[in-house]
Amino acid sequence: MKDKRMSLDDVVGELRSGMTIGIGGWGSRRKPMALVRAILRSDLTDLTVVTYGGPDLGLLCSAGKVRKAYYGFVSLDSAPFYDPWFGKARTTGAIVSREMDEGMLKAGLEAAAARLPFLPIRAGLGSDVFTFWEGELKTVTSPYPAPDGRSETLTAMPALNLDAALVHLDLADEHGNAAYTGIDPYFDDLYCMAAERRYLTAERVVSTEELVKTVAPQQLLLNRMMVDGVIEAPNGAHFTFAGDYKRDEKFQRHYVEAAKTPESWQQFTDTYLAVSEDEYQAAVRRFAEEA
Amino acid sequence: MTSTETITRAEYCAVACAEIFDGAGEIVASPMTPMATLGARLARLTTEPDLLMSDGEALLFADTPPLGGKSPIEGWIPFHKVFDVLASGRRHVVMGANQIDRFGNQNLSAFGPHQQPTRQMFGLRGAPGNTINHATSYWVAKHNKRVFVDAVDIVCGVGYDKVDPDNPAFRFHKIHRVVTNLGVFDFEGPDHTMRARSLHPGVTPEEVAENTSFEVAGLADAPVTAAPTAEQLRIIREVLDPKKIREREVPTA
């Protein structure tokens, strides 16, 4: 069986500007932040991002990496809730927005995973989702009668086909089998099934034997045919939470505060973003000690 | 003995939020704010014992803990199952609103133009899917003209004027109640516009009119919101919210 281990920079080397990239997790929960940081260090640009958004999308916007975003929401999940860089990208018109209902995003990933052109869903009807999509979103009329004999017209959620998926799980083996140890799988399996290339960071990469011994079989969300690259990234979801640690609320607030002036953001970038992942983690440890 | 002589506005709001769930039965109650959560839990401890409730993450509470409290669990409801449940209709959500109009259209996404707003909030979230799939209510802690607008900037939650009568896909749409710090409202006014069901004690029809950008039906005839019973007050004060978290949203003047 293949050893799929690689480095964060190896992943970035396989990505191209202009790609459509799906990012797993939810809001400020179990986001593949080490991979997001690796993209920030690269010259990748013009990305289309598909996400249940949090600081992943915010940080990518901070560096001008995003051209277009497909999302149901962007939230930090705790006070002050609104991501500052996503807000700036939107209010300056820097990104094309394909905002949608949360359930539509799931339907779009399911369609892509099943190689279907679309899936019907009620969500979206009557709302401004269609305005956001500027003609890109259509409806479909059911060929079957509704209970009253008439035909239902539904939102035809198009497949969200991804060039690449980035996800972070808690425990993996070198082949790409992986488990979450938290309470919610989110949609990481769907992201992987909707993508051409699938990259998994994990808190720990262990033997298959240890993996299956450590978790219940139901926690094994990904199997190896859903994954192309495996990267061990301890604390790799920081500052969002993962199965074995909480969100770093103090650091998340620091991120929001730092975005308020060009000077403080430059300092944040110098300290945390223009550095390697190891240096980031060391800087985060210093932040925790000083705070 | 629980004193019923000094019932606060927040306590009237909690009871009004509980009454949102009258007759709901065995469905998931999804309150998105502390006051709506207090109401849902009060309902579960009084009239609606069969309600299901999550901890806001992915677990279903077996008991009914106080606000911020813990409870044993009875089940698992991660996000993907929430989408399944809401499409099935076995759910009543109580959302907040940055804007709401006379037909019950709601905005929590952004202010201004869709592609370049003047202020970005959360985005559409689950509002389009919630409102088209099952009963939806709103809790607004500060009833004013900035929230109750002539027209919302972005339609997230679907209002009655957006319902296509020729499309049976809209048949599950129901905006049930709006509870605010001033009163209780529904959409049984002319053409499904907002109507006053009751005003809290001390609130005048003029006060509501001055704080709403559109005409509210039934204002002059609206009765006073029913007072909490002694048992409801005891549960609110001693069981569910001894720390008075309710006062943060609706302070006692």
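In the predicted model, the largest nonpolar core comprises 158 residues, among which Leu169(A), Ala194(A) and Cys17(B) touch the most other members. In soluble globular proteins, nonpolar side chains tend to be buried together. When neighbours within four places in sequence are set aside, the contacts of Cys17(B) are with Met35(B), Ala36(B), Leu38(B), Gly39(B), Val94(B), Trp139(B) and Val179(B).

In chain B, an open sheet of 7 strands is arranged in the order β2-β1-β5-β10-β11-β12-β13, and its pairing is mixed. Its edges are formed by β2 (52–53) and β13 (195–199) of chain B, each of which pairs on one side only. Within this order, β11 (residues 174–180) and β12 (residues 183–186) of chain B are paired in the antiparallel sense over 2 bridges, and Val179(B) stands opposite Val184(B) in β12(B). Helix α1 (residues 9–19) of chain B packs on the sheet, where it touches β5 (91–95), β10 (135–140), β11 and β12 of chain B, and the direction of the helix makes about 170° with that of β11(B).

Strand β5(A) is joined by 4 bridges to β7 (residues 151–158) of chain A, the two running antiparallel, and Ile121(A) is found opposite Thr155(A) in β7(A).

Note on methods. Residues numbered from 1 in each chain as written. Chains lettered and ligands numbered in written order. Predicted model: local features only at pLDDT ≥ 70, side-chain atom pairs only at ≥ 80, totals over all residues. Core = buried A, V, L, I, M, F, W, Y, C linked by C-beta atoms within 7 Å. Buried ≥ 20, exposed ≤ 12 C-beta atoms within 10 Å, placed from the backbone. Contact = placed C-beta atoms within 7 Å. Pairing = 2+ DSSP bridges. Axes fitted to C-alpha atoms, helices over the stretch in contact; angles between N-to-C directions.
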